[in-house]
Amino acid sequence: MIYMEKQQNNFLKSIQYIPVISKYTFYHTFKTWYQFLKKSREWNEKQIQNYQNHQLKSLINHAFHHVPYYHKLFQSKNLKPKDITQLSDMDKIPVLTKDIIMENISLLKAKNYPENSFHIRNTGGTTGTPLSFYIEKAKWLGIHFAFNKIYMQKAGYHWYDKVISISGIKNPMKHHSLYRTLELSSFHTTSKDFEKYNRQIHRFKPRFITAFPSALLLFTKDMVTQKKNIYTGFQAIFCHGEILHPMQKKYFEDIYNCKVFDQYGHREQCVFATTCKQSNLYHIFPEYGIVEILNKQNQPMKSDNKTGEIVATSLLNYVFPFIRYKTNDLAEISNETCDCGSSYHLLKRIIGRTQEFLIGKNHEKIPLTGLYHILTKQSFHIRECQILQEKEGELIISYVKSEHYSKKDKEKIQQAFYDTIGKQFTLIFQPVDSIKRTKDGKYQYLIQKLPIKFF
Ligand SMILES: [Zn+2]
């Protein structure tokens, strides 16, 4: 009890940027969800299914009566809320694409919520379709914090533990003494910045780190290259915000000698899936949303190891319901059970955005996942790089040289590319001073300008 109160007080103090009126909503939502999740994480499969069926019914009923887009859609399909009462009825509902959202943004807003409860969010960097949508003001943050705490606690995190965070903040460094976090910026990535970060990390002595994998990789590689003393007191590393490539994960585990966890989610807040202490499988939190893996014909796929698109229904967002939302992300299904004993559904692998593919000279789609390591592994003298594709069979590789770079490094990369996928691509190398981050501070390995249609 004391533990809970202390943790909640800490959170309350840490959310000073939220307007006073919203703070109560945030605090109340966090507390309610945190307490609920502590119980629900022990549920068995039947309890999870009952909960999701119940929540689905409630969401469909709400969408039909209060959301003009769904009312019209259901009528056009001659569907009534009573026709969708369980998960197996979901395929009666047409999928929701980003294009549909953009064309129907005002019709997707629930009419029974006051205007001041809508909080607009946008997605889309230099690739992908930019998207605007709404979530419920103040509440979404409380819910997000609750899920995040439950996830981190499974890895041994306690409210009094110190945490380093590397993400898209504007200032290079920000210390939140009240909630024991030192934030470092993924926008400030010169060797000088990294040396400063390294000194601060040693002084701060954190037990956990949460980071965009690309930012942590860049920092770690820089410290290794400069033969700096790397801090190894982490109990766990939590990656988020970008796809964690297997090579990155192994590198972090080797250098930091601790468990690396990964989290999959997105700004639309329909999915929250995390790996656990016992495995690298992604556990889908059933209280957050319903996840389906669909094939090209939007039919559910169930078999083990099959890859399809993640289509998700948010069980949390009533102001702007996402029902069967096509995320454009691909994942591999797993029918295994995890040793941790969780009854959550599992994903074997998050393969990435559908645009994370290259198009070869023979119009072949080649996933970036298998190729990305070529660029980073072949040369320690390339600090960072980014691929741009504007034409089939041609890749423009922008790269930032490090001190000992020579044209041999370029040749090595070229050869490794040819060895891996043949002469599918003409490579054009372009030295640059730095690689620009997205406005969220994330790093994009690939800027794909060609349309990639899988689904
Ligand atoms: Zn597990």
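Two residues count as in contact here if their C-beta atoms, placed from the backbone, lie within 7 Å. On that basis, residues 24 or more positions apart account for 64% of the contacts in the protein chain with a separation of 6 or more. Keep in mind that this is a predicted model. The protein chain runs to 455 residues, and buried residues make up 37% of them. In secondary structure, you're looking at 11 helices and 20 strands.

**Helix 9 and what sits on it**

- Start with helix 9, residues 246-256, where Gln248, Tyr251, Phe252 and Tyr256 are the buried residues.
- Looking down the axis of helix 9, those buried residues fall within an arc of 100 degrees, so they line one face of the helix.

**Helix 8 against helix 9**

- Helix 8 packs with helix 9 at an angle of about 45 degrees, and their axes are 11 Å apart.
- That angle makes helix 8 oblique to helix 9, and the crossing of the two is left-handed.
- On the helix 8 side, the contact is made by Pro213, Leu216, Leu217, Thr220 and Val224.
- Helix 9 meets them with Gln248, Tyr251, Phe252 and Ile255.
- Gln248, Tyr251 and Phe252 turn up on the list of buried residues of helix 9 as well.

- Four strands make an open sheet in the order 19-18-17-20, and the pairing is mixed.
- The edges belong to strand 19 (426-431) and strand 20 (446-448); each has a single partner strand, so one side of each is left without a neighbour in the sheet.
- Ignoring direction, neighbouring strands of this sheet are turned by 20 degrees against each other on average.
- Strand 18, residues 394-401, pairs with strand 19 in the parallel sense, over six bridges.
- If you want a spot to check, Ser398 stands opposite Gln430 in strand 19.

**Strands 11 and 12**

- Strand 11 (residues 289-294) is mostly covered, with five of its six residues buried.
- Strand 11 and strand 12 (residues 307-314) run antiparallel as a pair, joined over six bridges.
- Within this pairing, Ile290 has Thr313 in strand 12 as its bridge partner.

- Thr190 sits in the loop between strand 5 (181-185) and helix 7 (191-204).
- Thr190 has 12 C-beta neighbours inside 10 Å, so it counts as exposed, the cut-off for that being 12 or fewer.
- Phe219 is 29 residues away from Thr190 along the chain, yet their C-alpha atoms are separated by 9.0 Å.
- Asn122 is in strand 1, residues 118-123.
- Asn122 is exposed because it has 10 other C-beta atoms within 10 Å.
- Asn122 and Arg267 are 145 residues apart along the chain, while 8.0 Å separates their C-alpha atoms.

Note on methods: Residues are numbered from 1 along each chain as its sequence is written. This is a predicted model: local features need pLDDT of at least 70, side-chain atom pairs count only at pLDDT 80 or more; totals for chains, interfaces and linings use all residues. A residue is buried if 20 or more other C-beta atoms lie within 10 Å of its own, exposed if 12 or fewer, and partly exposed in between; C-beta atoms are placed from the backbone. The arc is that of the directions from the helix axis to the C-beta atoms. Two strands pair if DSSP finds at least two bridges between them. Axes are lines fitted to C-alpha atoms, for helices over the stretch in contact, and angles run from 0 to 180 degrees between N-to-C directions. Angles under 35 degrees count as roughly parallel, over 145 as roughly antiparallel, 65 to 115 as roughly perpendicular and the rest as oblique. A crossing is left-handed if the near helix is turned anticlockwise from the far one by less than a right angle, and right-handed if clockwise.
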